[in-house]
Amino acid sequence: MSAVGLITVCNDPKVVAQQLTHIEMERFSMVGVDEILLALANNDLADLGRNRNGPMGSISFYVEWFNRLSSFAATEVLRQLKKKHRVEVIEYLIDVAKECCEIGNFNSLMAIVAGLSLPAITRMKRTWSRVEKSKLEILQHQLDPSGNFLSYRATMKAAQWRAESAGSNQRIVIPFFVLLLKDLFLVFHSSVRSLPNGHLNFV
């Protein structure tokens, strides 16, 4: 009996990462500037993921996609009956996350690592004892919130530099969307709302 799930459908992490990136690009492109402005005017970012039918539906849908991908990653591990298959799937998902990072898809990267960091997964000590943890530790470093996600921001900046230096067909940088919203939210609420002439300040 072999492992079940995504790994049996496509055992190439790079292909899975590419497909995730296509999904991310499609869903990210659905988020309009008007929705972002409405989200920034909202006093509570926690409300964004609760109403898919409202004026900020695309943002809510995208936030929900992140949560679903995290849950999917965890479920792929938990559905394996044997320890060796759980190890195989964890290492496979780590490789998918690594490929996402190489592509510049940071939203999927964060979602997968978040899924593998859930208590239901991390408490499987015997399984993790067989996993090459150095790979995951490198990726988890990106999720480190210290210094206002300093590690992630440095990696993101490097990815942007690579994208600007690469050909047009390689310019892909998909940010960690929730953190992007948080940054914009803080900038928006710390800036002057109205200019002396009464116009709104969008800078």
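Biologist: Hi! How many helices and strands does the protein have?
Modeller: The protein has 11 helices and zero strands, where helices are DSSP runs of H or I with at least four residues, strands are E runs of at least two, and numbering starts from the N terminus. This is a predicted model, so local features need pLDDT of at least 70 and side-chain atom pairs pLDDT 80 or more, while totals for chains, interfaces and linings use all residues. Residues are numbered from 1 along each chain as its sequence is written, and side-chain values use heavy atoms, leaving out hydrogens and water.

Biologist: Thanks! How many salt bridges are there?
Modeller: Two, counting a side-chain nitrogen of Lys or Arg within 4 Å of a carboxyl oxygen of Asp or Glu.

Biologist: Which residue does Arg 153 pair with?
Modeller: Arg 153 pairs with Asp 183, with their closest N and O atoms 2.8 Å apart. Arg 153 sits in helix α10 (residues 146-165) and Asp 183 in helix α11 (residues 177-190), so this pair, 30 residues apart, links distant parts of the chain.

Biologist: And the other one: is Glu 76 buried or exposed?
Modeller: Glu 76 is buried at 4% relative accessible area; buried means under 20%, exposed over 50% and partly exposed in between, using a 1.4 Å probe and protein chains only. Its salt-bridge partner is Arg 79, at 3.1 Å from N to O, and Arg 79 is partly exposed at 43%.

Biologist: Switching topic, what share of the whole protein is buried?
Modeller: Of its 203 residues, 40% count as buried.
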